[in-house]
Amino acid sequence: MKGLDTNLRLQASPQLSNVFLPKRLTLVRNLNFRSSSSSSPAMLKLFSSRVHHLTPAIRPGPRSSVDSPLFKALSQLTGLNRRSSSLGHRVFFCSDSASEAEAAAAEVAEAEAKVAEAEAEVADSKSSSAIVSTNPKPEDCLTVLALPVPHRPLFPGFYMPIYVKDPKVLAALQESRRRQAPYAGAFLLKDAPSTDSSSSSDTEKNISELKGKGLLERLHEVGTLAQISSIQGDQVILVGHRRLRITEMVSCEEPLTVKVDHLKDKPFDMDDDVIKATSFEVISTLRDVLKTSSLWRDHVQTYTQHIGDFTYPRLADFGAAICGANRHQAQEVLEELDVHKRLRLTLELMKKEMEISKIQETIAKAIEEKISGEQRRYLLNEQLKAIKKELGVETDDKSALSGKFKERIEPNKEKIPAHILQVIEEELTKLQLLEASSSEFNVTRNYLDWLTILPWGNYSDENFDVVRAQQILDEDHYGLSDVKERILEFIAVGRLRGTSQGKIICLSGPPGVGKTSIGRSIARALNRKFFRFSVGGLGDVAEIKGHRRTYVGAMPGKMVQCLKSVGTANPLVLIDEIDKLGKGHAGDPASALLELLDPEQNANFLDHYLDVTIDLSKVLFVCTANVIDMIPNPLLDRMEVISIAGYITDEKVHIARDYLEKNARGDCGIKPEQVDVSDAALLSLIENYCREAGVRNLQKQIEKIYRKIALKLVREGAVPEEPTVTSDVEEAEIVAKLDVESPEKDAAKELKEEEAETKKIAVEKVMIDESNLADYVGKPVFHAEKIYEPTPVGVVMGLAWTSMGGSTLYIETTVVEEGEGKGGLNITGQLGDVMKESTQIAHTVARKILLEKEPENPFFANSKLHLHVPAGATPKDGPSAGCTMITSLLSLAMNKPVRKDLAMTGEVTLTGRILPIGGVKEKTIAARRSQVKTIVFPEANRRDFEELAENVKEGLDVHFVDDYGKIFELAFGYDDKQQD
């Protein structure tokens with residue numbers, strides 16, 4: 001059909017990909033619809049630009065081709081019909097078969113037929129002349145230069161710029177162009193066998209190094225005959241014409257020249273439904289892809305300009321060329337000569353490209369919505385601020401902030417130090433000059449917030465009533481007389497002076513003795529605010545001294561946060577676990593605490609964030625530690641240490657009765673009359689389950705008992721269920737409303753109440769004694785520490801101190817081997833270095849004493865001994881077992897056991913002097929627990945023992961010695977009959 005001419009204006013984009021020349025093209029194309037009788041293959045023309053003008057000549061009558069189905073299909077295909085924009089819309093392909101469009105076109109006026117035919121011929125000549133004609137035809141080129149293409153294959157009808165570094169190859173190309181034979185073969189380069197991937201510079205370097213046969217082996221066999229469009233320096237512009245296959249190498253000299261065969265597509269049936277359907281889907285997908293980018297629409301214009309109308313093979317080549325497939329997939333399409341298979345491969349690549357385009361569009365839309373939403377919110381906020389400011393509803397942000405800060409300091413302005421007021425005024429002035437959007441504005445605002453919220457000069461009213469304070473301390477804790485006495489002294493001094501000063505007290509002792517809880521009780525007794533923070537594992541100085549304000553997210557130190565939290569300048573601050581301070585790359589916190597805990601310096605404590613001095617002289621600091629040996633000496637020197645050794649059995653019984661049992665019973669919702677725990681049960685619980693110095697484990701065991709009792713009471717029905725109580729109450733209300741009096745009902749009710757009361761008494765009373773204690777807490781954990789009864793030869797009981805309290809420690813010695821000159825000593829028991837040295841000292845002193853007592857006894861000279869300290873899995877160290885080791889060695893040497901129920905402790909020198917030791921109270925408690933009656937302490941520890949409570953010392957025979965001779969008399973100077 002030749003009577004339909006439509007003038008379309010097609011403009012190429014100024015930005016083309018690397019496969020097209022960067023030039024703007026403006027052309028006028030004609031839509032030509034061949035009649036079904038024509039022998040030429042079916043043509044399909046894709047257009048992507050908008051139709052600006054449609055001449056009246058295409059609508060000559062009521063059955064114009066504009067209204068034909070064929071024109072509508074092409075309109076949808078080429079984008080002419082902009083109203084049909086559905087992505088899934090089916091487009092149609094024009095073939096040689098007769099159609100309704102051709103029938104409609106036959107009705108065009110005969111007068112215009114010749115004119116239309118002439119115009120069509122002109123258009124065909126223009127289309128065919130898009131590729132520059134040369135003297136030798138492309139099909140005559142049987143020998144061509146082989147040019148390697150590194151990234152993607154060149155498809156027919158497409159431009160490709162390549163860079164030729166080899167001057168010989170570049171000269172050969174220029175010579176071919178001068179001879180009017182500007183053709184070469186473009187072949188994709190295969191991947192290098194040694195490397196998986198390389199950069200573009202490395203690829204170009206590798207290409208330039210390939211010569212002759214080596215280059216031929218790296219080239220794919222199938223390539224493209226390319227016309228040399230232009231040469232600018234080392235850049236050569238190639239235009240693809242047709243497919244080639246390398247048959248053989250002509251010459252191995254540079255440049256590489258090969259013989260080629262021109263490949264033709266395999267024959268195919270143009271009317272095949274499968275090919276048509278595949279092409280329809282490619283066109284539909286291609287149209288959707290072209291909608292997403294104007295650059296791809298320009299590809300269509302350039303392609304049709306240089307290659308002519310679309311056919312099935314050209315459609316497949318075009319789709320594969322413009323998509324973003326990798327080099328191997330594109331080469332596979334280039335090598336495929338079966339048109340149907342090529343269309344299917346192209347369709348797969350186009351579908352992938354469409355999915356990528358959708359994802360890209362989704363990402364772009366999401367980002368655009370986010371940006372537009374933020375801009376809209378910003379504009380609305382600014383408008384709201386302006387409206388409020390005009391109406392007087394709200395003042396400017398800076399004015400409101402300044403007013404808030406001034407309101408904070410106004411009530412206590414007279415108490416605030418002058419240098420603090422000066423800093424606040426300067427910062428307020430600075431705040432007014434800063435823009436609200438600047439980062440410095442936020443820094444200044446936060447700084448003013450902290451400065452104005454601190455309780456400058458605000459002190460809480462203290463309690464100077466000693467009797468009331470004593471009452472509060474006794475309510476919360478049993479024992480701890482040293483701590484209570486020190487707090488009462490502090491209150492008494494404050495009462496006499498009329499004001500109190502801050503102090504630094506350190507409570508040291510094993511876990512569970514009440515160090516942390518006593519701090520809260522002290523605050524309640526003094527009527528002070530309480531603040532606690534733990535420094536265990538702290539490795540950053542900024543936690544104590546604060547960060548510099550220049551850092552992002554800077555904050556003041558713990559003390560400034562404490563003052564803000566409590567709202568007073570004289571709180572009680574409990575610093576927990578001070579013996580477990582860390583030390584990291586951010587400094588040494590122990591050194592930072594020196595200023596905080598020094599009474600002479602903390603009156604002018606300087607926080608790095610505030611950068612102004614703070615008076616902490618009124619703060620009472622209470623620190624807790626398990627072992628004071630872990631505290632640095634300069635820090636320990638600033639604190640007043642009060643040791644809390646632990647509790648003996650009697651004290652634990654009182655604590656369990658008066659404190660722990662009441663709390664556990666209340667927490668479990670059990671009434672006192674429902675449970676009866678005997679004293680024997682508590683004593684057995686303490687001796688066999690909770691021997692540690694503290695009462696934390698005892699508290700857990702008591703809570704465990706009461707939980708089991710609560711479960712038992714609920715299971716046995718001691719507690720009435722909710723619905724029953726509700727129904728009884730409702731029934732009573734109904735009876736009261738009706739005012740019904742029935743003697744029979746009253747008698748039945750009284751009988752029912754008596755039965756329920758009897759059942760209640762029978763079920764709810766739970767007795768806990770020593771016999772059934774194991775049913776609630778399981779089998780005993782501890783057994784008697786006394787392993788030997790009586791003590792055999794070579795075994796002596798010592799006393800040791802641990803972080804959990806005191807413990808008994810046996811020293812065992814036995815003979816391994818005897819013989820002339822075989823004297824020696826082996827030691828085991830996981831002993832530390834100090835304890836190993838004590839064994840050597842003990843061995844020397846024992847040989848000396850044995851020589852004095854029994855000169856004829858050669859035991860140590862001829863006996864190889866083995867000294868062991870059980871238990872082997874427990875690490876042990878310290879010098880206080882020296883006298884115990886000597887006694888064990890002498891007992892074995894003289895073959896005589898030591899006195900019954902004897903325990904000793906003390907460090908020994910080489911001359912036999914006994915030096916003082918630590919942990920007297922803990923060791924005394926451990927001896928009482930093991931039912932030891934006679935204890936040996938160094939003379940220098942007499943005062944420590946006399947300071948113990950009477951109930952601790954009761955029933956003990958304690959000997960204080962300063963020389964080992966006295967210990968020898970106590971251990972071995974007994975009558976055998978008396979020992980028995």
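## Helices H23 and H24

Let's start with a pair of helices: H23, which spans residues 679-689, and H24 have axes that come within 11 Å and cross at roughly 130°. That makes H23 oblique to H24, since angles over 145 degrees would be needed to count as roughly antiparallel, and 65 to 115 as roughly perpendicular. The crossing of H23 past H24 is right-handed. On the H23 side, the contact is made by Leu682, Leu685, Ile686 and Tyr689. Their partners on H24 are Asn697, Leu698, Gln701, Ile702 and Ile705. Keep in mind as you look around that this is a predicted model.

## Helices H22 and H24

H24, running over residues 696-715, also packs with H22, which covers residues 649-668. Here the angle is about 40°, and the axes are 9 Å apart. So H22 is oblique to H24, because an angle has to be under 35 degrees to count as roughly parallel. This crossing is right-handed.

Which residues of H22 meet H24? They are Lys652, Ala656, Leu660, Glu661, Ala664, Arg665 and Cys668. Over on H24, the residues they meet are Leu698, Gln699, Ile702, Glu703, Tyr706, Arg707 and Ala710.

## The annotated binding site

Now for another part of the chain. An unreviewed UniProt entry carries a "binding site" annotation on Gly509, Pro510, Pro511, Gly512, Val513, Gly514, Lys515 and Thr516.

## Lys515

Is Lys515 buried or exposed? Its relative accessible area is 9%, so Lys515 is buried, as anything under 20% counts as buried. Setting aside residues up to four places away in sequence, Lys515 touches Leu507, Ser508, Gly509, Pro510, Thr624, Ala625, Asn626 and Ile644. Gly509 also turns up in a polar pairing: its backbone oxygen lies 3.3 Å from a polar atom of the Lys515 side chain.

## Thr516

Thr516 has a relative accessible area of 30%, so this residue is partly exposed. Apart from neighbours within four places in sequence, Thr516 is in contact with Arg532, Leu574, Asp576 and Thr624. Thr624 is also one of the residues that Lys515 touches.

Technical notes
Residues numbered from 1 in each chain as written. Predicted model: local features only at pLDDT ≥ 70, side-chain atom pairs only at ≥ 80, totals over all residues. Heavy atoms only, no water. UniProt positions renumbered as here; feature names shortened; annotations may be inferred. Buried < 20%, exposed > 50% of the residue type's maximum accessible area, 1.4 Å probe, protein only. Contact = heavy atoms within 4.5 Å. Polar contact = N/O pair within 3.5 Å; in protein donor to acceptor, adjacent residues only side chain to side chain. Axes fitted to C-alpha atoms, helices over the stretch in contact; angles between N-to-C directions. Helix = DSSP H or I, 4+ residues; strand = E, 2+ residues; numbered from the N terminus. Left-handed = near helix turned anticlockwise from the far one by under 90°.
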